Amino acid sequence: MKNIANQRRKSPARSTALLAMPVLLIGCMFGCAQKQHVVSDPAQRQMLSLLMPQRIQIVEPFTRVRSFDDDDSLDGIELLVQAVNALDDPGLMVVGNIRVELYEYLPASGEPRGRLLEHWDVDLSTAKDQKVFWNKMTQMYEFRMAVDPTLIPPAEQYVLGVTYTSPLGEHLTDDCLIRYRSTGFQPGTARTSFPE
């Protein structure tokens with residue numbers, strides 16, 4: 001005990017340095033933190049909005065109900081989606097969440113969406129997510145969603161809805177009518193306009 005006490009008396013500077021270390025670390029953390037720059041100038045916001053996605057759209061010629069195992073049973077939907085900026089340039093990458101919904105189709109109705117049959121949520125928040133779903137060649141997002149045929153009532157048409165939610169909470173949507181015939185898969189889709 002005497003040796004330890006004597007060592008402590010001999011090096012008061014060391015004790016002071018050990019006590020000061022946590023204070024320095026905390027000070028460095030606050031002093032080194034970067035401040036986030038929030039764009040508040042309307043002109044700057046308008047410039048930035050030119051390149052941000054203004055709408056999301058389903059690429060209809062390539063979006064279809066299909067068989068992923070090449071038989072005649074509905075077991076999936078292949079969906080291609082692209083984001084478009086204010087200059088009508090497609091091919092933007094987006095970050096956030098994509099929600100895909102499959103509905104019964106109600107013909108001759110002001111609201112063609114019937115009962116919700118299935119939904120999928122796709123996260124696009126990480127580089128890994130982007131690599132999985134982004135096609136560099138087509139400049140589109142490609143999603144393959146499995147469908148349980150036993151849960152989907154047989155029909156020739158369904159409504160497919162897509163909602164993109166940005167990290168800022170903004171929502172962009174698109175809908176299309178997709179066709180499925182019991183005699184086989186039809187590659188085309190038919191566009192219909194939906195009320196907002």
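A nonpolar core is a set of buried Ala, Val, Leu, Ile, Met, Phe, Trp, Tyr and Cys residues joined through side-chain atoms within 4.5 Å. The structure described here is a predicted model, and the largest core of this kind in the model has 30 residues. Within that core, I77, L79, I98 and L102 touch the most other members. Two or more residues come from each of the strands β1 (53–58), β3, β5, β6 (113–124), β8, β9 and β10. In soluble globular proteins, nonpolar side chains tend to be buried together.

Leaving aside neighbours within four places in sequence, I98 is in contact with I56, W120, D121, V122, L124, F143, V162, T163 and Y164.

The strand pairing can be followed from β5. Strand β5, residues 96–105, pairs with strand β9, residues 157–165, in the antiparallel sense over eight bridges. In this pair, Y103 stands opposite V159 of β9. Strand β9 also pairs with β10, residues 171–179, again in the antiparallel sense but over nine bridges. Here V162 stands opposite D174 of β10. V162 is also one of the residues in contact with I98.

Strands β9 and β10 form a hairpin with five residues between them. In the turn, G169 has a positive phi of about 90°. The loop between the two strands also holds P167. Is P167 buried or exposed? P167 counts as exposed because its relative accessible area is 66%, and the cut-off for exposed is over 50%. Not counting residues up to four places away in sequence, P167 touches V95 and G96.

Two other loops contain residues with a backbone feature to note. Most residues other than glycine have a negative phi. D88, however, has a positive phi near 60°. D88 lies in the loop between β3 (76–85) and β4 (90–92), and is partly exposed, with a relative accessible area of 49%. Q139 is not a glycine either, and its phi is positive, near 60°. The loop that holds Q139 runs between β7 (134–135) and β8 (140–146). With a relative accessible area of 33%, Q139 is partly exposed.

Conventions. Residues numbered from 1 in each chain as written. Predicted model: local features only at pLDDT ≥ 70, side-chain atom pairs only at ≥ 80, totals over all residues. Heavy atoms only, no water. Pairing = 2+ DSSP bridges. Helix = DSSP H or I, 4+ residues; strand = E, 2+ residues; numbered from the N terminus. Buried < 20%, exposed > 50% of the residue type's maximum accessible area, 1.4 Å probe, protein only. Contact = heavy atoms within 4.5 Å.
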